[in-house]
Amino acid sequence: MEKEIKKPAIRVSGLKKVYKLYDKPSDRMKEAFGLRKGRFKEHYALNGVDMEIFQGETVGIIGTNGSGKSTILKIITGVLNPTEGQVEVNGRISALLELGAGFNMEYNGIENVYLNGTMMGFTEKEIDEKLPEILKFADIGDYVYQPVKTYSSGMFVRLAFAVAINIEPEILIVDEALSVGDVFFQAKCYQKFEEFKKMGKTIVFVSHELSSISKYCDRVYLLNQGNLLGEGSPKEMIDAFKQVLVGQYEINGEAGGAHLEGAVNPELLEYGTKQAEITEFYITDEKEIKTTAVIKNTPFTIHMRVKFHDRITAPIFAFSFKNIKGTEITGTNSMIEKAFLEPVNAGEEKEITFRQTMSLQGGEYLLSLGVTGYHGSDFQVYHRLYDVLNVTVVSDKDTVGFYDMGSQVTVAAAKNPASRVIAYRQEA
């Protein structure tokens, strides 16, 4: 009996994506109008990446922020053009990337289903046949007859996901999209995902949830700073990824850990009197290596340096984490922790550290920092940096909600309730 030869669903060869990073906006304008070449640096979002994904496989792509994961998915789906290299796709793709990107906000839900279905190459008759299943999956009731601009973010995402996942593609591209909506909707999404896998569909899956990568993927590619570090079993690549996070994975003889470049928000909200000023900030992992990616359930430290331009009686140092939807998740300050309640003179500098264990679920978070205090009874903000740093939490086990309570579960044989009743009667 001849061994079945697997056919490639996706083949990527020598893929490069280069962005020009200009020193000044005026340099970009001058080059655009052909006046002269502006000064710029070349940033390689992808640098000569090769991949081959076969029909019927579920393949994961993992890596830190800025590694090129989303870039390669956008090139495969045609959202971006490569600077160099070839992409070959055999089969109809459905991409769960930027959900609802093709929606018209003035149209109602039904109209947007037909609009998106047509864009994906379906006839009106084919969409008619799929409509009941799409609406059942989205489960937003009569809101499907209302303009999409009136939807809550949850309803919008449910409809967009329902359209994308119910068109029966041959290749499904998923970029962190299975964590949308409430817990029950997420469960439904994962069930659909498993159906696709059982049907032998090709799935390309990007996620920071290593438990999902381990559970669903046949093979995994590991990217870092635009380079392909390796390809292999989920366990092999997850172990290599953890080495990258702590700066112990060697690339051409040099350790290649997660880096701060690209994680600092260029459009952060900054304000305050500047009587005290945050001049430096960063995060270190349990081995005191600078990083923007922290493995769940491991110790990490937030560092900031503050310079004082005036004498302040009792400065308060603070941090907080938000999720990417803007919900404040957790935080603390030196006053709450009763860690520092002393005056600081002008010209002094202080180094502040917050040490703790990461118990947030896997995903993306925004770190904010602040120096505040009281002048008499008046609250003063000396310097605040909102959403200053993007922090990735990498997890191989996520529970429900924002954080993990670290529950320890035991299951034992139940005691016979009848025997307790008899014993009670005998004692009485």
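## Some ground rules

Two residues are in contact when heavy atoms lie within 4.5 Å. Helices (H or I, at least four residues) and strands (E, at least two) are DSSP runs, numbered from the N terminus.

This is a predicted model, in which local features need pLDDT of at least 70 and side-chain atom pairs count only at pLDDT 80 or more, while totals for chains, interfaces and linings use all residues. Residues are numbered from 1 along each chain as its sequence is written, and side-chain values use heavy atoms, with hydrogens and water left out.

## The whole chain

You can find nine helices and 20 strands in the chain. Of its 428 residues, 43% count as buried (under 20% relative accessible area; exposed is over 50% and partly exposed in between, with a 1.4 Å probe and protein chains only). Among contacts between residues at least 6 apart in sequence, 71% join residues at least 24 apart.

The chain exposes about 23400 Å², and carbon and sulfur atoms supply 50% of that. Such areas come from the Shrake-Rupley method with a 1.4 Å probe, and for residues only the protein chains shown count as cover.

In soluble globular proteins, nonpolar side chains tend to be buried together. A nonpolar core is a set of buried Ala, Val, Leu, Ile, Met, Phe, Trp, Tyr and Cys residues joined through side-chain atoms within 4.5 Å. The largest one here has 50 residues, and those with the most contacts inside it are I62, L159, F205, L222 and F241. Helix α5 (residues 153–165) gives the most to this core, with nine residues.

Which residues are in contact with I62, leaving aside its neighbours within four places in sequence? Among them are L210, I213, L222, M237, I238 and F241. A second, separate core of 31 residues includes A263, I278, V344 and L360.

## A helix with a buried face

Helix α8 (residues 234–245) has twelve residues, which at 1.5 Å a residue should span 16 Å; its end C-alpha atoms are 16 Å apart, which agrees. The expected span is 1.5 Å times one less than the number of residues.

In α8, the residues P234, M237, I238, A240, F241, V244 and L245 are buried. Seen down the axis, they fall within an arc of 160 degrees, so they line one face of the helix; the arc is that of the directions from the helix axis to the C-beta atoms. Those buried residues pack against several elements, including β3 (58–62), α7 (210–216) and β8 (219–224).

## Aromatic pairs

Rings of Phe, Tyr and Trp (its six-membered ring) pair if their centres lie within 6.5 Å; planes under 30 degrees apart count as stacked, over 60 as edge-to-face and the rest as tilted. By this rule there are eleven aromatic pairs. The rings of Y143 and Y151 have centres 6.4 Å apart and planes at 90 degrees, so this pair is edge-to-face. Y143 is partly exposed at 42% relative accessible area, whereas Y151 is buried at 10%.

The rings of F308 and F317 have centres 6.4 Å apart and planes at 85 degrees, so they too are edge-to-face. Here F308 is buried at 1% and F317 is buried at 3%.

## A ring cluster

Ring pairs link F300, F319, F321 and F354 into a cluster. F354 sits in strand β18 (residues 349–357) and is buried at 9% relative accessibility.
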